[in-house]
Amino acid sequence: MRRLAQILLESNQLHEAEKIQRKILHVLELSKGWTSLDTVLAAESLAMTLQSLGNLSEAQDLLERCLDARKTILHENHIQVAANILQLARVAMLKSSRLSKGNILEEIAELDKAKTLLETSIRIARQTLEVPMAIAENMSKNGKPSNCRRDKHAALVILMKALDTLGRLEVTKHELSHESKDRGIVPVEAEHALLQCISAVKEFDIPEHVLSASDVKREYLSCMRDLEALLSESTGEKRQQSAKKLQELRNEIRQIESELSRSRKKGT
């Protein structure tokens, strides 16, 4: 059933995939309950499909249940919890964007909820990355070695995704809160989030093979592109100040794009 659901998703048959995913979740709820990560992962997959179909309220409800279960099965600061919270933040942002355009205060309220979630996800990811590798490799839980390398890899990707999302959120809030004549002003909060995203790869003790991973490079590239777009929209003195930074960004963007292109050709 899982394989069938995956085939349906890959062929963009979302409604049919949803039906299969509901059956999978029902079976797991009966056989394993919500104390199993298998049930949580099935619910999360269904939530992602519902999100794609525009059923945001049910997707949000499922993700909140997944979050509660993960906190119980794992712990509140586990990197999977950070990933779950990031997904909830994205749903909140989508809900904000679908409000009628006259409800600016409601839109901003939804964005503020999403921002709180993003800040929590960022905090957890940072905590995971701040543990030195030498210490992390010696850590254990219930007598089992810690999966520190895998967790650091996941934490770096989640941190960059959350900061990139936060940057976009701040741009949206700025556009909602300001008149069109102020659109050329770069929101400081957005620029700060995107700069943090880019600097994350140098900030922590991260193995080289993680830094060179394609998913890490893709998130890094996404942050750079968003920062480039943000700085390109600036006007006046700010644009002059950003000229050198923009050129450096564009050079690095071309370099990362080239590296990813070579990786795809090699099939890595």
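Residues are classed here as buried when their relative accessible area is under 20%, as exposed when it is over 50%, and as partly exposed in between (1.4 Å probe, protein chains only). The structure is a predicted model, in which local features need pLDDT of at least 70 and side-chain atom pairs count only at pLDDT 80 or more, while totals for chains, interfaces and linings use all residues. Residues are numbered from 1 along each chain as its sequence is written, and side-chain values use heavy atoms, with hydrogens and water left out.

At 60% relative accessibility, asparagine 12 counts as exposed. Asparagine 12 is located in the loop between helix H1 (2-10) and H2; helices (H or I, at least four residues) and strands (E, at least two) are DSSP runs, numbered from the N terminus. Most residues other than glycine have a negative phi. Asparagine 12, although not a glycine, has a positive phi of about 65 degrees.

Helix H2 (residues 14-31) contains glutamine 21. The relative accessible area of glutamine 21 is 5%, and this residue is therefore buried. With neighbours within four places in sequence left aside, glutamine 21 is in contact (heavy atoms within 4.5 Å) with Ala5, Leu9, Ser45, Leu46 and Thr49.

Not counting residues up to four places away in sequence, arginine 126 touches Leu159, Gln196, Glu203 and Phe204. Arginine 126 and phenylalanine 204 are 78 residues apart in sequence, and their C-alpha to C-alpha separation in space is 8.9 Å.
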